[in-house]
Amino acid sequence: MKKKIVSAALSTVLVLSISASVMASSPTDIGTAAPGSYTNLEAREVVKYYSLASYEETEKEAFVLNQGEELTVFVYNSGFPITYTVYDADGQALGTYNTNTPYGRIFTAQKNGPMYVQFKAGANSSFVKKMNFSAKFSIS
């Protein structure tokens, strides 16, 4: 039994250290490659990690889509007051959404060009200084 507990603890430490190093590095953009290079894949996806203080916001993440393609946004959040806004290729806000939902949202590109996603933190009333969460983005 002690072996399993130690193994689980080591696995958790490994995952946390990998997550921290990924959070410190610059994120990979799944939408910048030429669409023709994805012809053998049904969907392109990436998971990005974020850490925000109260009232902090991220840069706008750009995902290049062709007309009719869909961007799915699913956020893994632990109850922090985080929202995200999705913008179309013209920079117009499509809406602002709460991340404390058990489902993702799908946005369809109305024309060729980038869609943008920007996260914003609200007030964090707990003793946690940073709000850590991850988001999975998928283009299909």
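Tyr50 has a relative accessible area of 7% and is therefore buried, where buried means under 20%, exposed over 50% and partly exposed in between, with a 1.4 Å probe and protein chains only. Please bear in mind that this is a predicted model, in which local features need pLDDT of at least 70, side-chain atom pairs count only at pLDDT 80 or more, and totals for chains, interfaces and linings use all residues. Residues are numbered from 1 along each chain as its sequence is written, and side-chain values use heavy atoms, with hydrogens and water left out.

Which residue forms an aromatic pair with Tyr50 that is stacked? The partner is Phe133, at 5.2 Å centre to centre and with 20 degrees between the planes. Rings of Phe, Tyr and Trp (its six-membered ring) pair if their centres lie within 6.5 Å; planes under 30 degrees apart are stacked, over 60 edge-to-face, and the rest tilted. Because Tyr50 belongs to strand β1 and Phe133 to strand β8, this pair ties together parts that are 83 residues apart in sequence. Strands here are DSSP runs (E, at least two residues), numbered from the N terminus. Phe133 is also buried, at 4% relative accessibility.

The structure holds nine aromatic pairs in total. Ring pairs link Tyr50 and Phe133 into a cluster with Phe63, Tyr84, Tyr97, Phe107, Phe119 and Phe137.

I turn to the largest nonpolar core, which has 24 residues; such a core is a set of buried Ala, Val, Leu, Ile, Met, Phe, Trp, Tyr and Cys residues joined through side-chain atoms within 4.5 Å. Among the residues touching the most other members are Tyr84, Phe119 and Phe137. The elements giving two or more residues to this core include β1 (44–52) and β8 (131–139), and β8 gives the most, with five residues.

Technical notes: Helices (H or I, at least four residues) and strands (E, at least two) are DSSP runs, numbered from the N terminus.
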